[in-house]
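Hi there,

Here is the structure I promised to send over. Have a look at it first, and then read on for my notes.

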Amino acid sequence: MNRIILKLEGLIVLLFCIYFYSTCDYGWGLFLLFLLLPDISMLGYLINVKIGTFSYNLFHTYVTSTLPLVWGIITHSDLSIIVGLIWTAHIGMDRLLGYGLTHISHPLDQNREDFFIPVSNRSLTHKECKGVFPSWKFELRPFMKVTI
């Protein structure tokens, strides 16, 4: 039930952001170009799990994404509003697809396990999660199949 609520929340946020973006005079190419930009925060996992989790969660919370949006409304800055709308739309899209904030205990916890799959079968120990990136190799699993 909680997953359904989070997915509905994501859908509503995504639709609202798309609607308000459509009222701006910026092209949809800009929207699509920057829609996946917050996922660059996953590069923190290359350093270690703790930094990866922190950077991913920092870029994937509504609190952070609404800061430029609120700033843009206060200062009448179109650029800040656009950044806030696209960023918030990205988070809404992630929630709609079933992704949420990650846990420091393991980069593959709950919401990440259907996106990254380990090449090796061994699991992380608690000690390995304490700031040292394990000697794992990850491969990207396609999470969406489109049949035509």
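Leu 96 is partly exposed, because its relative accessible area is 29%, which lies between the 20% limit for buried and the 50% limit for exposed. Please keep in mind that this is a predicted model. Leu 96 belongs to helix α5. Leaving aside residues up to four places away in sequence, Leu 96 is in contact with Lys 7, Gly 10, Leu 11 and Leu 14. Leu 96 and Arg 3 are 93 residues apart in sequence, yet their C-alpha atoms are 9.2 Å apart in space.

Leu 11 is part of a nonpolar surface patch of about 790 Å², together with Met 1, Ile 4, Ile 5, Leu 8, Leu 15, Ile 18 and Trp 28. Helix α1, residues 2-22, gives the most to this patch, with six residues. Ile 4 is found in helix α1.

How many disulfides does a search of the whole structure find? The search finds zero. Cys 17 counts as buried because its relative accessibility is 6%, whereas Cys 24, at 23%, counts as partly exposed.

His 76 is not a glycine, but has a positive phi of about 60°. His 76 sits in the loop between α4 (62-75) and α5 (78-96). With a relative accessibility of 68%, His 76 counts as exposed.

How values were computed. Residues numbered from 1 in each chain as written. Predicted model: local features only at pLDDT ≥ 70, side-chain atom pairs only at ≥ 80, totals over all residues. Heavy atoms only, no water. Patch = residues over 30% accessible without salt bridge, like charges linked within 9 Å, V, L, I, M, F, W, Y side chains within 5 Å. Areas by Shrake-Rupley, 256 points an atom, 1.4 Å probe, with all protein chains shown as cover. Salt bridge = Lys/Arg side-chain N within 4 Å of Asp/Glu carboxyl O. Helix = DSSP H or I, 4+ residues; strand = E, 2+ residues; numbered from the N terminus. Buried < 20%, exposed > 50% of the residue type's maximum accessible area, 1.4 Å probe, protein only. Disulfide = S-S within 2.5 Å. Contact = heavy atoms within 4.5 Å.
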